[in-house]
Amino acid sequence: MNEIKIFCPATIANVSCGFDVLGLALESVGDEMVVRKTKSPEIRISKIEGQQLPMETNKNVAGVAASALLEKSNYEGGFEIEIYKRIKPGSGIGSSAASAAGVVWAINELLKRPFSKQELVTFAMQGEKLASNVAHADNVAPAIYGGFTLVRSYDPLDIVSVHTPKALFATVIHPQIEIKTSDSRKVLKANISLEKGIKQWGNLGGLIAGLFTEDYDLIGRSLEDHVIEPIRSILIPGFDEIKSRSLEAGALGCGISGSGPSIFALSKGEATAQKVASNMAAVYHGIGLNYETHVSSICPQGIKQIN
């Protein structure tokens, strides 16, 4: 196989209580990429459609991630990359992660899988470092592994796949403003109180337990963020009202998707998720702010080959 076309899902990172360690992949939203082998031992980006992004390899997250993989491989050739962006940069649903994770997954397939999923995450993290100045894995890990993933440790890297209840659906609303991850990190505090830490650890443990046992009430009780949301939510128009209206519609919980400005909610069942989407949309319609909504099941496979 000399060429592969793939779908790379959008992702929700943090998932309220799991800042930088928890993420999930979406089934119905994502980018497409075409990657092909070349004889020349270099990474070249030949096409980008959908967004205005750098074509230079060292300035594009896909180029940087692919270069990190190529440096560790025994392959003597190179790769050409086409990127078809469906996820807007700065939307908070893993635009940079889709490019970085997608390209390393595709190259690994073309090379007959010499690298493990965890190794692919390390390469993709180099792309995330270019985008946000931090090599975080909570978006690229679920894109590569599928479903929910937990980054148990960064040093050494330890990724854990988390069980995903089949009835769980995500609703995402993206106000048409951009918040760069690098900028949203600047507003965060370097230290938190022990009291807040204890609440956050309890919620993260509760959420993981709720996912494995398919206890939807426990999932809902655990979707609380005492550390990041109170600070970042100020940057997102109508956040408090959208959260309130989502819970009124039956959502298990609601929070900031990644670094924002997208807001996510998790629900039991697609019908409830659609109702949540309507309530979310009504808030931005009232404000007069343009938006996009997505309702999606959780993507169990992650990145996949398509025709």
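This is a predicted model: local features need pLDDT of at least 70, side-chain atom pairs count only at pLDDT 80 or more; totals for chains, interfaces and linings use all residues.

Colleague: Which residues of α10 are buried, and against which elements do they pack?

Modeller: The buried residues are Ala273, Val276, Ala277, Asn279, Met280, Ala281, Val283 and Tyr284. Their packing partners are the strands β7 (168–175), β8 (253–256), β9 (263–268) and β10 (291–297), together with α9 (239–248).

Colleague: At what angle do α1 and α2 pack?

Modeller: One reads the angle together with the separation of the axes. For α1 (residues 61–72) and α2 (residues 95–110), the angle is about 35° and the axes are 8 Å apart. The crossing is right-handed. On the α1 side the contact is made by Val61, Ala62, Ala65, Ala66 and Leu69; on the α2 side, by Ser96, Ser99, Ala100, Val103, Val104 and Ile107. Nine of these residues are nonpolar, two are polar and none is charged.

Colleague: How many residues has the largest nonpolar core, and which have the most contacts inside it?

Modeller: That core has 72 residues, and Val15, Val103 and Val121 have the most contacts within it. Helix α2 supplies its largest share, ten residues. Another core, of 16 residues, lies apart from it and includes Ile173, Ile236, Ile256 and Met280.

Colleague: Where does valine 15 lie, and why does it count as buried?

Modeller: Valine 15 is in the loop between β1 and β2. The cut-off for burial is under 20% relative accessible area; valine 15 counts as buried because its relative accessibility is 0%. Its phi is near 50°, a positive value in a residue other than glycine.

Colleague: Is glutamate 214 buried or partly exposed?

Modeller: Glutamate 214 also has a positive phi, near 55°, but at 37% relative accessibility it counts as partly exposed. Its place is in the loop between α6 (194–213) and α7 (216–222).

Colleague: Which residues does the cis peptide bond with omega near 0° join?

Modeller: That bond runs from aspartate 155 to proline 156, and proline 156 lies in the loop between β5 (148–154) and β6 (157–162). A cis bond also joins glycine 260 and proline 261, with omega about 5°; proline 261 is in the loop between β8 and β9.

Conventions:
Residues are numbered from 1 along each chain as its sequence is written. Side-chain values use heavy atoms; hydrogens and water are left out. Buried means under 20% relative accessible area, exposed over 50%, partly exposed in between (1.4 Å probe, protein chains only). Helices (H or I, at least four residues) and strands (E, at least two) are DSSP runs, numbered from the N terminus. Contact means heavy atoms within 4.5 Å. Axes are lines fitted to C-alpha atoms, for helices over the stretch in contact, and angles run from 0 to 180 degrees between N-to-C directions. A crossing is left-handed if the near helix is turned anticlockwise from the far one by less than a right angle, and right-handed if clockwise. Ala, Val, Leu, Ile, Met, Phe, Trp, Tyr, Cys and Pro count as nonpolar, Asp, Glu, Lys and Arg as charged, and the others, Gly among them, as polar. A nonpolar core is a set of buried Ala, Val, Leu, Ile, Met, Phe, Trp, Tyr and Cys residues joined through side-chain atoms within 4.5 Å.
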